[in-house]
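Please consider the following model and its chain-to-chain packing.

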Amino acid sequence: MISDVDIPVAVAVLVAACVLFGAFLTMVGCLGLARLRSFYLRIHAPTLGTSFGVLFILAGSVLFFTVSGGRIAVHEVLIMVFVSMTTPVTLMLLARAALYRDRAARSEELPLWARNPSQAGAAVVDVVSAASETESRS
Amino acid sequence: MSATILTWSLVGAQAMIGIAILATVYRLVKGPRAQDRVLALDAFYVCGMLMLLTFGIRTAASFYFEAALAIALLGFVSTVALAKFLMRGEVIE
């Protein structure tokens with residue numbers, strides 16, 4: 001248990017501040033996920049937790065295990081690297097899938113710039129070509 | 001003294017992460033569309049991972065770290081597979 005571990009008070013305060021701030025950022029991000037109006041706004045909110053929320057909690061964990069173990073503990077960096085590399089990939093895929101589905105359903109949630117294919121940017125043209133590819137395949 | 005500070009701050013952090021998990025569960029249940037649920041599941045995975053990390057600090061045991069790493073890996077794979085399913089209607093083509 002934590003009461004068996006003897007660490008200086010200054011380090012304990014630093015670890016506590018890091019963990020509390022990281023948890024606070026995660027909470028704010030997930031409340032944004034629950035409260036924001038459309039999917040394209042909501043997709044931004046939880047990234048607050050996956051970037052700086054994870055960073056601060058892992059920093060607290062690294063600090064705690066380094067001081068309590070008496071050796072440098074850096075294995076938490078692995079999680080940070082992994083999360084920060086995979087989150088943009090998954091959210092890009094999810095946003096493009098949502099864009100494709102909303103275009104197919106002519107949803108009101110669709111952002112204005114994505115409604116008219118002739119005025120759309122390269123990303124939308126890409127989605128449209130992917131969609132037509134799927135249609136021709138099926 | 002330091003144990004008291006850490007215990008109470010970790011309880012507070014776990015309460016905040018618990019509120020975050022409740023918010024993602026609300027979005028997971030309410031929807032309204034499939035992509036909202038997938039996004040909520042992704043956020044839920046991250047919150048669960050952070051909850052395990054705070055448990056790891058609280059018990060001063062390092063085996064929670066492996067569980068957190070496994071959750072991070074599985075969360076990535078599942079979200080990519082679900083996004084691919086939403087886009088194409090099948091996962092492996």
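What follows describes a predicted model, beginning with the interface and then turning to helix packing.

## Interface between chains A and B

Contacts between the two chains involve 60 residues of chain A and 53 residues of chain B. Chain A and chain B bury about 4,800 Å² between them, and 79% of this area lies on carbon and sulfur atoms.

The interface of chain A and chain B contains 2 salt bridges by the rule applied. A salt bridge joins the side chains of A:Asp102 and B:Arg33, with an N to O distance of 2.2 Å.

Helix H4 of chain A (residues 76-105) packs against H2(B), their axes coming within 9 Å and crossing at roughly 165°. Angles over 145 degrees count as roughly antiparallel, and H4(A) and H2(B) are therefore roughly antiparallel to each other. Their crossing is left-handed.

On the H4(A) side, the contact includes A:Ile79, A:Val83, A:Leu91 and A:Asp102; on the H2(B) side, the residues include B:Val38, B:Leu39, B:Asp42 and B:Met49. Classified by type, the contact of H4(A) with H2(B) comprises 10 nonpolar, 2 polar and 3 charged residues.

## Helix packing within chain B

In chain B, helix H1 (residues 2-30) and helix H2 (residues 34-59) have axes that come within 9 Å and cross at roughly 165°. This angle makes H1(B) roughly antiparallel to H2(B). The crossing of H1(B) and H2(B) is left-handed. The residues in the contact of H1(B) with H2(B) comprise 18 nonpolar, 5 polar and 5 charged.

Terms used. Residues numbered from 1 in each chain as written. Chains lettered and ligands numbered in written order. Predicted model: local features only at pLDDT ≥ 70, side-chain atom pairs only at ≥ 80, totals over all residues. Heavy atoms only, no water. Axes fitted to C-alpha atoms, helices over the stretch in contact; angles between N-to-C directions. Helix = DSSP H or I, 4+ residues; strand = E, 2+ residues; numbered from the N terminus. Parallel < 35°, antiparallel > 145°, perpendicular 65-115°, else oblique. Left-handed = near helix turned anticlockwise from the far one by under 90°. Nonpolar A, V, L, I, M, F, W, Y, C, P; charged D, E, K, R; others polar. Contact = heavy atoms within 4.5 Å. Buried area = accessible area lost by both parts, 1.4 Å probe. Salt bridge = Lys/Arg side-chain N within 4 Å of Asp/Glu carboxyl O.
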